[in-house]
Amino acid sequence: MLLFVIAAIVLALFTLMSLPSLALGLPWMPLIVTFALIPLLDAWVGPPCLASAGHRLEPRFARWLPRLQVPLQLLLLGVGVRIAPTLSVGDLLWFTLSVGVATGGVGITVAHELGHRPHRVDRWASRLLLVTVGYGHFYVEHNRGHHVRVATPDDPASAPAGMDVYRFILRSVVGSFAHAWRLECMRLQTRGRSAWHPSNWVLSGSALSIALAAAAFAIGGKSSLLFALTQAAVAVVLLEITNYMEHYGLRRKRQVTGRYEPVRPEHSWNADFPVSNWLLFNLQLHSDHHAHVARPFEALRSMPQAPQLPAGYPTMLLVALVPPLWFRVMHRRLPQAA
């Protein structure tokens with residue numbers, strides 16, 4: 001129970017950090033915390049991952065922790081839309097970037113966790129979080145597309161060796177949306193329904209995101225609309241850079257049957273760093289996640305046989321933004337057969 005309370009407080013502080021930072025006249029502070037303080041703590045604490053059973057949340061508490069993100073994120077965005085017209089251009093820019101880091105770094109991470117759960121409430125919570133950042137189709141593509149095609153040339157969210165992050169973001173955004181649309185069309189076709197049926201989540205999720213943007217404009221005009229759209233763009237870019245890091249240069253072999261070999265730990269990069277893992281719901285234990293899709297975040301384990309990133313995601317994200325540095329760091333770590 002104590003660990004759950006601590007985790008809930010940390011989640012609330014990190015998600016809502018941009019609000020007190022703005023009130024203190026330090027709208028850029030969340031960016032410093034995320035991309036400077038957390039990497040320093042990761043380096044200080046170091047690996048191995050927080051994997052001992054004594055430090056895991058009990059399932060009855062872990063079930064509720066990600067759900068807390070929904071009211072927190074709605075509160076953050078609601079306040080942001082309200083106050084956006086009152087901010088100077090500089091403060092609005094820093095505040096919006098900070099909010100995007102929260103809705104992308106935490107919000108989409110939680111949506112990813114909830115989207116893998118069987119409970120209907122969790123899955124709708126996942127969709128709601130994704131709609132707030134204009135990326136509802138991720139719910140379809142990630143579960144039914146990415147996990148099937150991961151580490152193959154068919155998956156737009158698996159970066160081949162030598163591709164820089166900027167090319168990858170465009171490829172993944174376009175390719176993931178297109179494949180999610182095809183998946184929904186196929187599903188509806190088997191039920192005798194049109195691709196434009198309201199139950200097409202790619203269609204309805206996108207419509208809901210547009211409706212939220214329109215509501216932001218109605219509440220606060222251009223400033224609020226700019227805030228809503230920009231935080232969503234920042235969140236999506238963070239997601240796609242994370243996708244870039246998670247499978248960069250790793251490939252499953254095609255078997256004589258024509259099928260690809262089963263997904264193994266070797267097809268995802270791990271980052272066994274306790275601090276960033278704690279904030280990211282163990283997302284960095286990505287090899288175990290792909291090997292055991294139904295395993296909840298609190299039960300994910302370190303997998304020594306998986307390729308290991310030299311730092312946590314907040315650090316590696318900054319490295320990825322400088323392609324020559326990224327290639328230098330990563331290519332010597334790629335498995336020879338990749």
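**View 1. Charged side chains across the protein chain.** This predicted model carries 29 positive and 17 negative side chains, and the centres of the two sets sit 6 Å apart. Lys and Arg count as positive, Asp and Glu as negative, with His and the chain ends not counted. Each charge is placed at NZ of Lys, CZ of Arg, CG of Asp or CD of Glu. As for surface, the protein chain exposes about 15,300 Å², with 69% of it supplied by carbon and sulfur atoms (Shrake-Rupley areas, 1.4 Å probe).

**View 2. The helical fold.** The protein chain has 14 helices and zero strands; helices are DSSP runs of H or I, at least four residues, and strands are E runs of at least two, numbered from the N terminus. The radius of gyration is 20 Å, close to the 20 Å from the globule rule for 338 residues, so the protein chain is as compact as a globular protein of that length. That radius is taken over C-alpha atoms, and the rule is 2.2 Å times the number of residues to the power 0.38. Along its principal axes, the C-alpha trace spans about 60 × 55 × 45 Å.

**View 3. Helix α13 and its cover.** Six of the eight residues of α13 (residues 313-320) are buried, so this helix is largely enclosed by the rest of the structure. Buried means under 20% relative accessible area, exposed over 50%, and partly exposed in between (1.4 Å probe, protein chains only). The buried ones are Y313, P314, M316, L317, V319 and A320. Their cover includes α3 (29-45), α9 (165-190) and α10 (201-247), along with α11 (274-279), α12 (286-291) and α14 (323-331); contact here means heavy atoms within 4.5 Å.

**View 4. R171 on helix α9.** R171 lies in α9 and, at 27% relative accessibility, counts as partly exposed. Leaving out residues up to four places away in sequence, R171 touches D155, P156, A157, S158, A159, P160, M163 and S176. E246 is 75 residues from R171 in sequence and 16 Å away in space, C-alpha to C-alpha.

**View 5. Confidence, and the stretch 49-54.** The average pLDDT (the predictor's confidence in each residue, from 0 to 100) is 94, and 97% of the residues score at least 70. Over residues 49-54 the pLDDT is below 50, though this stretch has ten contacts in the model beyond near neighbours in sequence. Where pLDDT is low, the predicted coordinates should not be read in detail.

**Notes.** Residues are numbered from 1 along each chain as its sequence is written, and side-chain values use heavy atoms, leaving out hydrogens and water. In this predicted model, local features need pLDDT of at least 70 and side-chain atom pairs count only at pLDDT 80 or more, while totals for chains, interfaces and linings use all residues.
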